[in-house]
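Have a look at the structure first, then read on.

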Amino acid sequence: MSATASGTADGTGEAAAARFHELLRAFEGRPAATGGRGKDPVNGPMIRHWCEAMGDTNPAYTGPDAVAPATMLQAWTMGGLSGHGDRSSAYDELLALLDSAGCTSVVATDCEQEYLRPLRPGDEITFDAVIESVSPRKTTKLGTGHFVTTRMDVRAGGEPAGTHRFRILKYAPAARPPGQQPAAGPAAQPQPQPQPAPRRPRPVVNRDNQGFWEGVREHRLLIQRCTACSTLRFPWLPGCNTCASLDWDTVEACGEGTVFSHVVMHHPPFPAFDPPYAVALVELAEGVRMITNITGIPHDRVRIGLPVRLEFLRVDEDLELPVFRGSEG
């Protein structure tokens with residue numbers, strides 16, 4: 001990556017990086033796509049394929065009054081292999097400028113969506129997109145570069161239907177460590193000292209959730225219960241979401257549950273975690289849900305509806321966590 005984009009530790013490098021960021025910021029507010037049109041109207045077959053892929057059997061997505069799943073918003077604007085002809089030159093110019101500074105790699109990092117109205121079969125989709133922001137230089141595990149955020153405003157039959165923000169990182173890949181010792185041999189080089197194993201982040205324990213962690217230490221998974229209306233709640237909160245009462249007691253979970261939803265974490269890597277691994281939203285038999293790790297089963301075997309059983313995982317000498325074990329059987 002050139003000094004213009006990456007800078008150095010001294011003031012000259014930082015000033016160059018600031019000047020380069022000003023060049024990038026000049027693209028903010030410029031169109032990324034104008035007058036775009038969905039290649040197909042909202043339609044039943046695509047909704048069906050989506051629901052089958054996601055395992056979503058909600059009856060709202062079938063029948064004569066069907067609506068499209070809200071999270072399909074971006075699907076109706078995609079250009080497919082042939083692409084769209086409505087992308088602006090500004091977006092290509094921005095990416096070319098980043099390329100010229102050595103930021104030749106790209107990875108999608110996240111997206112945000114806002115839904116304004118349901119989409120129904122037959123709706124004709126149009127959209128415009130704008131370059132919303134370009135971040136200052138950021139150093140990540142992948143390398144050093146800039147986050148670029150575009151905002152797409154989606155319309156159905158001319159009416160606002162939703163907003164889709166999409167963020168990428170354009171970066172110069174970090175140098176890989178050498179794969180072997182120098183020719184002089186290991187005896188000629190100082191040997192690296194072993195580093196202590198990284199520790200998992202510590203949970204934040206406060207007066208609102210202290211009872212939960214006390215239960216974990218006793219190998220009990222405790223759920224709050226409002227004593228005014230009997231509503232169960234998890235995670236722990238100071239008051240009831242249903243009736244606003246501040247009075248509560250606890251019930252102990254039986255330990256049975258099923259996977260309600262899950263993701264497999266591949267990237268970015270975090271200290272003390274060894275990707276790929278599954279993170280799941282588990283629905284307990286009592287009806288509340290909690291985010292947890294799935295153990296006892298390969299990450300690619302985790303499925304929605306998988307029965308799981310509570311266990312307690314000793315992470316290190318002073319941290320134990322509730323997790324759920326799945327079974328391939």
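Helices (H or I, at least four residues) and strands (E, at least two) are DSSP runs, numbered from the N terminus. What you're looking at is a predicted model, where local features need pLDDT of at least 70, side-chain atom pairs count only at pLDDT 80 or more, and totals for chains, interfaces and linings use all residues. Residues are numbered from 1 along each chain as its sequence is written, and side-chain values use heavy atoms, with hydrogens and water left out.

**Strand β14 and its partners**
- β13 and β14 make a hairpin, with two residues between them.
- Strand β13 (residues 307-316) runs antiparallel to β14, and eight bridges join the two.
- Along that pair, you'll find Arg314 opposite Glu320 in β14.
- β14 also pairs with strand β12 (residues 289-295), this time in the parallel sense and over two bridges.
- Here Thr295 stands opposite Arg325 in β14.
- Seven of the eight residues of β14 (residues 319-326) are buried (under 20% relative accessible area, with a 1.4 Å probe and protein chains only), so this strand is largely enclosed by the rest of the structure.

**A three-stranded sheet**
- Another spot to check out is an open sheet of three strands, ordered β8-β7-β9 with antiparallel pairing.
- Its edge strands, β8 (232-233) and β9 (248-252), each pair on one side only.
- Two bridges link strand β7 (residues 222-226) with β8 in the antiparallel sense, and Arg225 sits opposite Leu232 in β8.

**Nonpolar cores**
- A nonpolar core is a set of buried Ala, Val, Leu, Ile, Met, Phe, Trp, Tyr and Cys residues joined through side-chain atoms within 4.5 Å.
- The largest one has 33 residues, and Ile47, Trp76, Leu94, Leu119 and Ile131 touch the most other members.
- Elements that each supply at least two residues of this core include α2 (11-25), α4 (89-100) and β3 (125-134).
- Apart from it lies another core, of 26 residues, including Val282 and Leu310.
- Which residues does Leu119 touch, not counting those up to four places away in sequence? Among them are Val42, Leu73 and Ala161 (contact means heavy atoms within 4.5 Å).

**The two ends of helix α3**
- At the start of α3 (residues 44-54), a side-chain oxygen of Asn43 comes within 2.9 Å of the backbone nitrogen of Met46.
- After α3 comes Gly55, with a positive phi near 70 degrees.

Terms used
Polar contact = N/O pair within 3.5 Å; in protein donor to acceptor, adjacent residues only side chain to side chain. Buried < 20%, exposed > 50% of the residue type's maximum accessible area, 1.4 Å probe, protein only. Pairing = 2+ DSSP bridges.
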